[in-house]
Amino acid sequence: MDKPIFYRKSFVLKDYSLLWQLQKEIFARKNKSIKKKYNFIILAEHNHVYTIGRNSKFTNFLRVYKNKTYKKITLLKVDRGGDLTYHGPGQLVCYFILDLFLYNYDIHILLRFFENIIISILLKYKIFGFRIINKSGIWIIDSCYNIKKICSIGLKIRNSITMHGLSLNINNDLNNFYYITPCGINKYGVTSIYTEYTEKKSSIQMNPLLKNILAFFFKIIN
């Protein structure tokens with residue numbers, strides 16, 4: 001098979017629905033006619049939005065309806081796996097429209113691939129990220145020994161083609177997670193790189209993080 005080719009595009013503060021539509025168009029074309037070697041990466045920050053995955057329950061976003069905040073933030077039912085989450089400014093979202101042939105047609109290899117990228121990024125900020133068995137995403141233990149989620153992962157897969165991806169909390173307003181049960185998990189909280197990094201906060205910038213994620217992606221894939 002030909003060597004894989006990757007196309008990547010970055011956006012700043014785009015509405016979720018616009019990039020969701022872009023994903024669906026690329027996903028549909030790739031399923032129909034684009035060769036396996038062509039793969040796509042979209043990186044973005046979103047305007048405020050709550051997204052509801054296929055596995056979400058009403059009780060997980062009940063608090064949204066009990067608070068006036070929900071009137072100001074869009075609530076969208078989407079076609080990814082996973083539960084309910086929040087996206088907004090200061091959070092880096094990475095969408096991957098990839099062919100699973102890159103990962104031996106094994107979704108678990110792909111998930112470990114994504115997790116390893118985020119764990120490597122966090123180590124640059126002296127933050128130790130880890131996995132929890134049977135729970136997606138990357139987690140940390142804060143200075144008070146509380147387990148908190150710092151990165152969420154949710155995918156859609158059809159005909160061995162992926163869609164959606166991951167979101168990494170960098171310097172976003174974590175208060176917006178209060179109005180939901182993030183990822184359907186009550187037991188643990190949510191955090192960000194800015195919250196956990198104890199040194200020079202000004203060094204936490206979106207563009208370098210974006211470049212680091214791409215660098216790790218291509219270093220591992222190659």
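**Aromatic pairs and charges over rings**

The model is predicted, so local features need pLDDT of at least 70 and side-chain atom pairs count only at pLDDT 80 or more, while totals for chains, interfaces and linings use all residues. Residues are numbered from 1 along each chain as its sequence is written, and side-chain values use heavy atoms, with hydrogens and water left out.

Across the whole structure, a search finds 15 aromatic pairs. Here, rings of Phe, Tyr and Trp (its six-membered ring) pair if their centres lie within 6.5 Å; planes under 30 degrees apart count as stacked, over 60 as edge-to-face and the rest as tilted. Phenylalanine 113 and phenylalanine 217 form an edge-to-face pair because their planes stand at 80 degrees, with ring centres 5.2 Å apart. Both residues are buried, at 7% for phenylalanine 113 and 1% for phenylalanine 217.

A second pair brings us back to tyrosine 125: its ring centre lies 5.3 Å from that of tyrosine 197, and the planes meet at 90 degrees, so this pair is edge-to-face. Tyrosine 197 is buried, with a relative accessible area of 10%.

Ring pairs also join Phe6, Phe96, Tyr103, Phe113, Phe114 and Phe217 into a cluster.

Charges over rings complete the picture (NZ of Lys or CZ of Arg within 6 Å of the ring centre and within 35 degrees of the ring normal). The charged end of lysine 9 sits over the ring of phenylalanine 11, 5.8 Å from its centre, and lysine 24 lies over the face of tryptophan 20, 4.0 Å from the ring centre.

How values were computed
Buried means under 20% relative accessible area, exposed over 50%, partly exposed in between (1.4 Å probe, protein chains only).
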